[in-house]
Amino acid sequence: MSRSMSVVDGMAVAPGGGIGPTKGRRFSAPSGAFGEESTIFVKRQPFTQVAFDEIHLKEDQDDDTSLATTLKNNLFCSKKRLWKIVSTYLPIIKVLRYYNIKESIVTDIMAGITIGILHIPQALAFGLLTSVKVENGLYTSVWPVLLYVIFGTSAHVSMGTSAVICIVTASVVDRQAENFKATYEFNNATTNFTTWEDIPEFMDYKENISLCVAMLSGLILLFMGFLRLGFITAYLSESFFNAFTSGAAVHIATSQLPALLGINVKRFGGAFKIIYTYQEIFSNITSLSWQTPVVALVSIAILLFFKEFINEKFKHKLPIPIPVELLVVILATAISYAANLAEEVAVVGEIPGTIPPPIIPDLTGFQDYFVDCFVLAILIFANTIAMAKICAKKHNYEIDDSQELIAYGMCNFASSFLKCFPSAVAPPRSMIASNMNTKSTLAGIFVTILMLLVIMAMSVLFEPLPKSALAAIIVVALKGLFIQMADCRKFWRINKFDFVIWLFTIVSVVFLDIDFGLGIGVIVSLITVVFQTQFSRGFRVGRTMKESAFVEHKRYKDSIESNGVKIFRFQSNLYFANAEIFRNTLYKTTVNPRKLLKFLKKQEKNQEREEKRMKKLGIEPPKKDLNALSEVSIIPITSDGRKMSKTSETNVATNGNVKKSSSQLALVTGDNPAFAMDEVNLQNNGVQKQTNVTLKRPLSIASNLTSICDDDDEVDPEDGEEFVTDDKIRRMRRTHHIIIDCSTVNYMDSSGANVLGHISSEYEHVNIKLFLAGVAASVRDTMEHAGTYEKIPQHHIFLELHDAIAVARSKGVALLPPFLEDFTYDEAAEESYVTNM
């Protein structure tokens, strides 16, 4: 081995990108420790994929393991396997087994107390946000946290109340509450109620709906976890979640405006509810009392001051952020109690100081909101797993996606029996847990203990708490969601499809409703996937003359192509949605066999008509030369325009048969051969092992010899179709091999495999060979099962692009005349179901 040089399409490339002598050339790549003159010379024979696999593929490779074998290999029992299964589904066992009390207990206790303190104001505020009882928020900050300790795998995820999940749940609760209002009849005993929320039966009904939503969402998450369906969230883009959460923030803020202003308004549900809500707010604006807005403004000012100034400016000095939400709750409660504000402002009121017994939610009418539960389950998983992965990456550990799904499912399903509405991660609490370097999920136990103490011993202290203070906490927490609306500019610059998803989602969420917005956003996201498939790009591949790098032909000014060989690359997977786009793009950028066959038949028809005319005039027509349009002189030239010599050539006889000389074909320039191959060794079953390709210097082809771009279509005055000239046919006939670079195709279905086979058949009609290069193993399996190898021989499938180019160039010295036959019905019927009907 002589020093380093890589080989690209028959060219030796120096590390800096140059070819051959590189004196005076500036390298864009670092030369490294070996110096710019270091090169590697590579010499090997071209390989078909079959030939390469016969030599290098493992003999015991078995991709088609039977179901019986799979069951036999997995259905066994041992202590190690039992421990693995139990510890996988109950991670708490593994945590307890390896828990280091001395190193971890203090950190977990401190983190648990800190996070529990943050839970208190959020539990009170988000209970109201969910449009249910305040105590439901407290319960949701207890049992989901404890359940995640048992089933979760992230030490930093803080389950419990979450603003976006609460507002989505509230939309379902309020919509279903309309059914209760429609059937409820007022009587004399209920005339003293001023609002629907004052009716105990109404609040019990809404509480039951929230429990049913939690139960069904949990069941869906459990189902997804056991079936490992976490990949579903991959179909929802960042722009979708950005727009949805921003739109939800508008709904959250709007729902809190009445509490901030101290006015009572009618709650609306369904489409355009936000418009009706603002109409109701403005119509009742004169009824507000000044005390409520003052409490709200003071609370907002304190929250922003501590969050944006104190906590942000001194975050490196503070061990934990100051829990300003809890300070606002305590301060507002104390002032309300001292000034007896309960007579002037709305307060939280009575909070039960006991833990309720388990109940079974009434699922009557669940079919009306089951779809909402499915979407809610997706949102719970997507938001929580994203936070879990951020923390896992930050602290260098792994989480189990499937087990996380099961954990989220249990947190919602089991807690629904304990009067909890849907729960998810709260990013601020999780970030604090991460900053405090929580050691294990056991920190959640201390959160649970603190929250139980609050419910059983201190909940009565929060009864004078003004609701406007809680509303202020919610609105300030939305600051980040409102700021992220500016990301629409980023989506516009990155990808217009992302912006379309963002725009449709946020408009539909804000002006229609959250559930409508969810559906529209998902539909638009899926539609854009289809549209992006339709815009899949395909192009001819050439190589630059100096660096000999494969590039998009004609995009680069020094891009050239090998004479008679066209390389095509399609930047997408190949399946039913874009199979026809693939074919049309291939034909448009290379050679259209249907068009060529039509041209040849039309020319033959014109020749026959001309012969008949000449015979009528008594003129002897010239003798037919079948090779007039078939024989193409391939004259390779160097980059400076000099012709290369041929030591032997292939002659075409007048009867169309090819006579090949057994001597070696060599295209040389001066004393340095650029390509050499023993043509006798190129057999139908692939390239023999003794066949070598020696690649030393670039073989440059004049781009004007290989251009097949048609001139502007001229109209034939006889039939109105495209005018056919000998020169146009001759240009198309110069191409003898089409190579498809399949390295970008990772997936292919039966439609994609089917269209490849038919493309090969169509090219065979005009004597153009189709080669495939860089085909993935899974794609080859698809082609085999689809019967594609009946139309594309396996010796036309090559290991790499260089192998296909080397063989195509050596075989393409002369061309046979085409078979001027139309396609049979079997060849034309690409979709067999049509003829079977």
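**Ground rules.** I number residues from 1 along each chain as its sequence is written. The model is predicted, so I take local features at pLDDT of at least 70 and side-chain atom pairs at pLDDT 80 or more, with totals for chains, interfaces and linings over all residues, and side-chain values use heavy atoms, leaving out hydrogens and water.

**Overview.** I began with the secondary structure: 31 helices and 18 strands. Helices (H or I, at least four residues) and strands (E, at least two) are DSSP runs, numbered from the N terminus. Next I looked up burial. Of the 837 residues in the protein, 49% are buried. Buried means under 20% relative accessible area, exposed over 50%, partly exposed in between (1.4 Å probe, protein chains only). I then checked contacts (heavy atoms within 4.5 Å). Among those with a separation of 6 or more, 78% join residues 24 or more positions apart.

**Aromatic pairs.** I found 22 aromatic pairs in the structure. Phe-240 and Phe-244 make a stacked one, 6.3 Å centre to centre with 15° between the planes. Rings of Phe, Tyr and Trp (its six-membered ring) pair if their centres lie within 6.5 Å; planes under 30 degrees apart count as stacked, over 60 as edge-to-face and the rest as tilted. Phe-240 and Phe-244 sit four residues apart in helix α10 (residues 238-261), about one turn of the helix. Both are buried.

Why is the pair Phe-499 and Trp-502 stacked? Its ring centres are 6.2 Å apart and its planes lie at 20°, so the pair counts as stacked. Phe-499 and Trp-502 are three residues apart in helix α21 (residues 496-511), so about one helical turn separates them. Phe-499 has 18% relative accessibility, so I log Phe-499 as buried. Trp-502, at 8%, is buried too.

I also noted a cluster: ring pairs link Phe-305, Phe-306, Phe-309 and Phe-314.

**Charges over rings.** My criterion is NZ of Lys or CZ of Arg within 6 Å of the ring centre and within 35 degrees of the ring normal. Arg-97 lies over the face of Tyr-98, 4.7 Å from the ring centre. Lys-496 has its charged end over the ring of Trp-492, 4.8 Å from the centre.

**Back to α10.** Which residues of α10 meet α11? Val-250, His-251, Thr-254, Leu-257, Pro-258 and Leu-261 meet Lys-273, Ile-274, Thr-277, Tyr-278 and Ile-281 of α11.
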